[in-house]
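Subject: A structure to look through

Dear colleague,

Here is the structure I promised to pass on to you, together with its sequence.

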Amino acid sequence: MNKKIVIYSLLIGISVAIIAGLLFNDIYVLVGVLVGLGTGLIGYAMIVQMALSLKPDEKLSKRQGAANYIVRYIIYTVVYLNISIIALLVGFLCHKLSIFVYALLEGRMDKNA
């Protein structure tokens, strides 16, 4: 599942970055979309890793989840301070779109099986 989502993210994100770069004729837009995509993938990897490492203890899990949440948003903030916020959000949304596409495709495959 994770591998497919990453592949879909890269395909969608790189395509959108190239189109946006050509459309706006600006390398910074292209780079911004790619950095947003990379940030989204890093955040996704952190969420998956955290979910896999949760402990049975509820208090520890809540603390671990909160700490992971804070670290992710610090990373997002640091990245967003230096690049066009619109381009970054487009890249970030490319990753979200890939999760949606994955869910649609897997849902169709489950119905056909």
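Asn-25 sits in the loop between α1 and α2, where helices (H or I, at least four residues) and strands (E, at least two) are DSSP runs, numbered from the N terminus. Its phi is near 50°, which is a positive value in a residue other than glycine. Asn-25 counts as exposed because its relative accessibility is 71%; the cut-offs are under 20% relative accessible area for buried, over 50% for exposed, and partly exposed in between, with a 1.4 Å probe and protein chains only.

Before going further, please keep in mind that this is a predicted model, in which local features need pLDDT of at least 70 and side-chain atom pairs count only at pLDDT 80 or more, while totals for chains, interfaces and linings use all residues. Residues are numbered from 1 along each chain as its sequence is written, and side-chain values use heavy atoms, with hydrogens and water left out.

As for the protein as a whole, its secondary structure consists of four helices and zero strands, so that, by the DSSP runs described above, the pattern along the sequence reads α-α-α-α. Taken along the principal axes, the box filled by the C-alpha atoms is roughly 50 × 45 × 15 Å. Of the 113 residues, 30% are buried. If you consider contacts (heavy atoms within 4.5 Å) between residues at least 6 apart in sequence, 70% of them join residues at least 24 apart. The protein exposes about 7,600 Å², and carbon and sulfur atoms supply 72% of that area, as computed by the Shrake-Rupley method with a 1.4 Å probe, where for residues only the protein chains shown count as cover.

Which residues make up the largest nonpolar core? It holds five residues in all, namely Ala-17, Ala-20, Val-29, Val-33 and Ala-87, and the elements that give two or more residues to this core are α1 (2–24) and α2 (27–53). A nonpolar core here is a set of buried Ala, Val, Leu, Ile, Met, Phe, Trp, Tyr and Cys residues joined through side-chain atoms within 4.5 Å.

Val-16, in helix α1, counts as partly exposed because its relative accessibility is 26%. Leaving out residues up to four places away in sequence, Val-16 touches Val-33, Val-90 and Cys-94, and the C-alpha atoms of Val-16 and Val-33, which are 17 residues apart along the chain, are separated by 7.6 Å. Leu-30, in helix α2, is partly exposed with a relative accessible area of 22%, and, apart from its neighbours within four places in sequence, is in contact with Ala-17, Ile-18 and Gly-21.

Finally, the structure holds one aromatic pair. Tyr-8 and Tyr-102 form this pair, which is tilted, with 6.4 Å from centre to centre and 50° between the planes. The pair links distant parts of the chain, since Tyr-8 is in helix α1 and Tyr-102 is in helix α4 (residues 85–112), 94 residues apart. Rings of Phe, Tyr and Trp (its six-membered ring) pair if their centres lie within 6.5 Å, and planes under 30 degrees apart count as stacked, over 60 as edge-to-face and the rest as tilted. Both Tyr-8 and Tyr-102 are buried.

With best wishes
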